[in-house]
Amino acid sequence: MSANALPDELWRKILETGIQKSSFTYKDLCCLSIACRCLYRLSGEDSLWRHLFCTDFQYENNASGSSSPSSSFKSKYRIRFEKDRERKLAVHRRKVLWKESQIAENLRKIREIESNLRDETKKMKETTAELSNLHRVRQAIVALNVWQPEIVRGRQKQIVEQCVVPAESRLQALEMELKLCKQQIAGFERAYREQKQRLETAKEELNSMKYHPLREYKLKRSEDNDRSIRRKKLKTSMN
C-alpha cells in the first residue's frame with residue numbers, strides 16, 4: 001500500500017499527532033521525507049516544524065521566531081540545530097581539554113611522588129648504614145670492658161676512636177630518623193597508589209569521551225584494508 005492511497009488530510013493528522021505526543025522527532029520527519037513525494041511534501045509543512053521548533057528550543061522561541069519572520073520554521077530549526085550542535089561540540093572539546101589537563105597534572109604529581117620516594121629511600125638506606133655502624137661502635141665500647149686478646153681489643157679500640165660523635169645520643173636520633181623515613185615512604189607509596197588510580201580513571205573517562213562508534217568502525221576498516229593490501233603485495237612478491 002503506497003502513501004498516495006491515503007488522503008493528505010489523514011497523513012497530515014498522523015504527523016501532527018505524532019509530533020504533538022512527542023512520538024516523532026526531527027529525525028523521523030527527515031526519514032519520512034525520503035520515503036515518497038507525498039511524505040516529502042507533507043513532512044516539510046511549516047506547522048509541523050513550528051511545533052518542533054517550539055518544543056525543542058522553547059527557551060529562545062520568541063527571540064528566534066521574531067528575528068526572521070519571512071523564513072520557514074524548517075530553516076529556522078536547521079539554523080538553531082546547527083548552533084546547538086556547535087555549542088555542544090565546543091562544550092565537549094572543553095571537557096576533553098580539561099580531562100587531558102587533569103591527566104597531565106596527575107602525571108606531574110606521580111613524577112613528583114616518585115622523586116620524593118627515591119630521595120626518601122636513599123635517605124633511609126644511608127640512615128640504616130650509619131645506624132649499623134653505630135651499633136658496632138656501641139658493641140665495641142662494651143667489649144673494651146671485658147677481658148679479651150690484645151689483637152681483638154686493639155681492633156675494637158680503633159672502631160671506637162673512629163667515631164667522632166657520642167654513640168648513645170646519635171643512636172637515638174638515627175632510630176627516630178629511620179622511623180620517620182619509614183612513615184614518609186609509607187605515605188608516599190599510599191599517595192602513589194591513589195594518584196595512579198586517579199590517573200587510570202581519568203584515562204578511561206577520556207577514552208569514553210573520545211569514543212565514537214562510526215569513527216572506530218572506519219578506523220578498524222581502514223586497518224583491515226591496509227593489512228589486506230600488505231598481504232596481497234607480499235603474496236605477489238613471493239610468486
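What follows is a short chat about the model.

Trainee: What kind of model is this, and how are residues numbered?
Mentor: It is a predicted model, where local features need pLDDT of at least 70 and side-chain atom pairs count only at pLDDT 80 or more, while totals for chains, interfaces and linings use all residues. Residues are numbered from 1 along each chain as its sequence is written, and side-chain values use heavy atoms, with hydrogens and water left out.

Trainee: How many helices and strands does the protein chain have?
Mentor: Nine helices and zero strands. Both are DSSP runs numbered from the N terminus: helices are H or I with at least four residues, strands are E with at least two.

Trainee: What share of the residues is buried?
Mentor: Buried residues make up 22% of the 239 residues in the protein chain. Buried means under 20% relative accessible area, exposed means over 50%, and partly exposed is in between (1.4 Å probe, protein chains only).

Trainee: And what about contacts between residues 24 or more positions apart?
Mentor: They account for 68% of the contacts in the protein chain with a separation of 6 or more. A contact means heavy atoms within 4.5 Å.

Trainee: New topic. How do α1 and α4 lie relative to each other?
Mentor: Helix α1 covers residues 8–20 and helix α4 covers residues 46–56. Their axes come within 10 Å and cross at roughly 5°. So α1 and α4 are roughly parallel to each other. Axes are lines fitted to C-alpha atoms, for helices over the stretch in contact, with angles from 0 to 180 degrees between N-to-C directions. Under 35 degrees counts as roughly parallel, over 145 as roughly antiparallel, 65 to 115 as roughly perpendicular, and the rest as oblique.

Trainee: Which residues meet there?
Mentor: From α1, L15, E16, I19 and Q20. From α4, S47, L48, H51 and L52. The residues of this contact divide into four nonpolar, three polar and one charged. Nonpolar here covers Ala, Val, Leu, Ile, Met, Phe, Trp, Tyr, Cys and Pro; charged covers Asp, Glu, Lys and Arg; the others, Gly among them, are polar.

Trainee: How many salt bridges are there in the whole structure?
Mentor: Eight. A salt bridge is a side-chain nitrogen of Lys or Arg within 4 Å of a carboxyl oxygen of Asp or Glu.

Trainee: Why would such side chains pair at all?
Mentor: Side chains of opposite charge can pair when their charged atoms come close.

Trainee: Which parts of the chain does the E205 and K99 pair link?
Mentor: The side chains of E205 and K99 meet in a salt bridge at 2.5 Å, N to O. The pair links distant parts of the chain: E205 is in helix α8 (residues 167–210), K99 is in helix α6, and they are 106 residues apart.

Trainee: Is K99 buried or exposed?
Mentor: K99 is buried, at 7% relative accessible area. E205 is partly exposed, at 34%.

Trainee: What about R108 and E105?
Mentor: Their side chains meet in a salt bridge at 2.6 Å, N to O. R108 and E105 are three residues apart in helix α6, so about one helical turn separates them. R108 is partly exposed at 38%, and E105 is partly exposed at 31%.

Trainee: And D84, what does it pair with?
Mentor: D84 forms a salt bridge with R87, with the closest N and O atoms 4.0 Å apart. These two are also three residues apart in helix α6, about one helical turn. D84 is buried at 12% relative accessible area, while R87 is partly exposed at 46%.

Trainee: Where does S75 sit?
Mentor: S75 is in helix α6, which spans residues 73–144. S75 is buried, with a relative accessible area of 14%. A polar atom of its side chain lies 2.7 Å from the backbone oxygen of S72.

Trainee: Last ones. What does E100 touch?
Mentor: L206 and K210, not counting residues up to four places away in sequence. E100 is in helix α6 and is partly exposed at 30%. E100 and A202 are 102 residues apart in sequence, yet 8.3 Å apart in space, C-alpha to C-alpha.

Trainee: And N116?
Mentor: N116 is also placed in helix α6. N116 is partly exposed, at 28% relative accessible area.

Key: Polar contact = N/O pair within 3.5 Å; in protein donor to acceptor, adjacent residues only side chain to side chain.
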